[in-house]
Amino acid sequence: MHTRIDRTNFSHSSPPIGQTSLRTFLGVGIGNALEWFDWHIYAAFAAFFSTQFFDRNDPTSALLNTLAVFAVGFIARPFGAVVFGWLADQLGRKKSLTLAVIATSLGSLLIAASPTYAQIGTGASALLVVARIIQGIAHGGELPAAQTYLSEHSPRKHRGLWASSIYISGTTGNMLGLLLGIILNSLLTHEQMMQWGWRIPFTLGAILGLFAFWMRSHMAETGIFRAEKAARKSLIQTGNVFFSVIKNWRTGLQVIGMTCGSTVAYYVWVVTMPTLAQNPFGYGAKDAFTASLVGHVVFLICLPLWGWLSDKWGRRPCMLISVGGNAAVTLPLIYWIDISKSPTILVVAISIQLCFLAAFLGHGPATYAEMFPTHQRASGFGIYYALAIALFGGTAAFVLKAMGNPYHFAWYSTVLLIVCFGTIWKLPETAGKELSQ
């Protein structure tokens with residue numbers, strides 16, 4: 001039983017005590033960008049290091065195994081949502097955010113320093129799996145804690161716009177990885193990239209993680225969490241928290257239903273496209289990285305626009321435009337990319353998909369936060385969201401490769417987007433509501 005909170009002294013619409021809004025944005029944003037950089041460079045550079053961790057005599061199998069390990073990281077995310085969600089809801093959003101960024105940095109360091117398959121055989125593959133599990137656990141707690149931290153002090157009428165900063169900072173981290181890929185491919189030969197160049201982004205991610213840790217260790221806790229904590233009179237209530245999460249299973253199923261298709265689209269078109277454009281679609285590495293980078297710029301422009309529109313029009317109309325648009329253009333765009341083999345067409349196709357995705361993700365962190373009460377806002381959302389990401393997002397690239405036919409995969413993605421559309425259609429509108437206790 002959670003006591004109704006007296007919010008006289010702690011308002012979610014003002015920054016944490018002793019901390020400006022700018023400092024809040026920087027603390028969440030820089031850490032989030034570096035977290036996503038560490039997470040996504042795996043997919044972006046998989047084509048280069050796959051034969052370093054698996055048998056180089058079968059490159060196709062090595063890439064498939066590497067993408068399977070990518071999915072393993074997602075399987076670990078629900079466990080991260082449990083651990084870091086509990087930390088965020090019981091001990092504080094700040095503690096969860098600080099520990100998450102250190103864990104993902106440790107995973108990157110392990111990959112960067114790992115011996116190769118030629119040196120220690122399957123031990124290299126095992127180290128890769130361990131590193132991705134560590135990062136998966138950390139990333140499973142990052143987004144729920146970050147979006148909760150930001151949502152709990154954003155202005156009620158502008159929460160959608162403020163929420164767009166989560167994916168803006170995350171996309172900036174992705175872009176840094178893509179830009180690094182372009183630079184390395186320009187300075188190093190293909191052979192150098194295959195041998196040691198791929199270690200550079202993981203090393204950089206591990207080092208920058210220390211800076212993110214420093215930033216987050218100087219952040220203040222949110223006022224609404226402090227008020228909730230004071231009302232509970234006791235910090236440790238794990239039984240209550242997870243009983244409430246399980247009891248709220250209907251909302252959890254809504255999270256899974258509204259996420260399953262969009263996460264497949266996101267991880268194909270935003271995260272793994274630099275690798276997928278090369279294999280199976282046959283584009284060069286430079287063209288693949290450049291097209292993805294341009295698409296990310298379009299995504300950055302669209303995110304705050306859709307976040308702002310969600311505050312004006314409502315969350316549901318924007319989400320329906322997003323998943324409906326993605327469903328309508330997926331098959332035509334994959335056909336266009338496959339047939340044309342044109343770098344320009346690749347840029348246009350990625351940009352169209354990312355514009356539609358932004359209509360959901362621009363305000364997504366606020367929308368999810370509005371669905372849960374304070375005492376389970378991080379854990380309640382995080383556990384169900386991580387399950388959806390693990391089941392659908394993390395397996396997207398592997399499923400595409402395993403199917404072998406991109407058109408079959410396009411139908412698979414479209415069906416999931418239709419499921420999203422149906423789920424969102426039945427959701428109540430939450431724009432402008434007070435965050436429930």
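Q: Where does S108 lie in this predicted model?
A: S108 lies in helix α5, residues 93-113.

Q: What makes S108 count as buried?
A: Its relative accessibility is 0%. Buried means under 20%, so S108 counts as buried.

Q: Which residues does S108 touch, not counting those up to four places away in sequence?
A: S108 touches D38, Q135, F202 and A206. Heavy atoms within 4.5 Å make a contact.

Q: Which ring cluster includes F202?
A: Ring pairs link F202 with Y42, F49, F53 and W198.

Q: How do you know that the charged end of R132 sits over the ring of Y42?
A: The charged end of R132 is 4.3 Å from the ring centre. The cut-off is 6 Å, and the charge must also be within 35 degrees of the ring normal. R132 is listed as sitting over the ring of Y42.

Q: Which ring has the charged end of R316 over it?
A: That ring belongs to W425. The charged end of R316 is 5.9 Å from its centre, and the distance limit is 6 Å.

Q: Why is α16 called roughly antiparallel to α21?
A: The axes of α16 (residues 315-340) and α21 (residues 406-425) cross at roughly 175°. Angles over 145 degrees count as roughly antiparallel, so α16 is roughly antiparallel to α21. The two axes come within 9 Å.

Q: What kinds of residues make the contact of α16 with α21?
A: They divide into 17 nonpolar, five polar and two charged.

Q: How many aromatic pairs does the structure hold?
A: It holds 21.

Q: Why is the pair of F45 and F289 called tilted?
A: The planes are 50° apart. Under 30 degrees would be stacked and over 60 edge-to-face, so the rest count as tilted. The centres are 5.8 Å apart, and rings pair within 6.5 Å.

Q: What parts does the pair of F45 and F289 tie together?
A: F45 lies in the loop between α1 (21-44) and α2 (46-53). F289 lies in helix α15, residues 285-313. The pair therefore ties together parts 244 residues apart in sequence.

Q: Are F45 and F289 buried or exposed?
A: F45 is at 0% relative accessibility, so it counts as buried. F289 is also at 0%, so it counts as buried.

Q: What makes the pair of Y266 and Y267 edge-to-face?
A: Their planes stand at 85°.

Q: Why is N279 called partly exposed?
A: Its relative accessible area is 30%. Buried is under 20% and exposed is over 50%, so N279 is partly exposed. N279 is in the loop between α14 (273-276) and α15.

Q: Which residues is N279 in contact with, leaving aside neighbours within four places in sequence?
A: N279 is in contact with L63 and K401. K401 is 122 residues from N279 along the chain, and their C-alpha atoms are separated by 8.8 Å.

Q: What makes S164 buried?
A: Its relative accessible area is 2%. The limit for buried is under 20%, so S164 is buried. S164 is in helix α8, residues 159-187.

Terms used: Residues are numbered from 1 along each chain as its sequence is written. This is a predicted model: local features need pLDDT of at least 70, side-chain atom pairs count only at pLDDT 80 or more; totals for chains, interfaces and linings use all residues. Side-chain values use heavy atoms; hydrogens and water are left out. Axes are lines fitted to C-alpha atoms, for helices over the stretch in contact, and angles run from 0 to 180 degrees between N-to-C directions. Helices (H or I, at least four residues) and strands (E, at least two) are DSSP runs, numbered from the N terminus. Angles under 35 degrees count as roughly parallel, over 145 as roughly antiparallel, 65 to 115 as roughly perpendicular and the rest as oblique. Ala, Val, Leu, Ile, Met, Phe, Trp, Tyr, Cys and Pro count as nonpolar, Asp, Glu, Lys and Arg as charged, and the others, Gly among them, as polar. Rings of Phe, Tyr and Trp (its six-membered ring) pair if their centres lie within 6.5 Å; planes under 30 degrees apart count as stacked, over 60 as edge-to-face and the rest as tilted. Buried means under 20% relative accessible area, exposed over 50%, partly exposed in between (1.4 Å probe, protein chains only).
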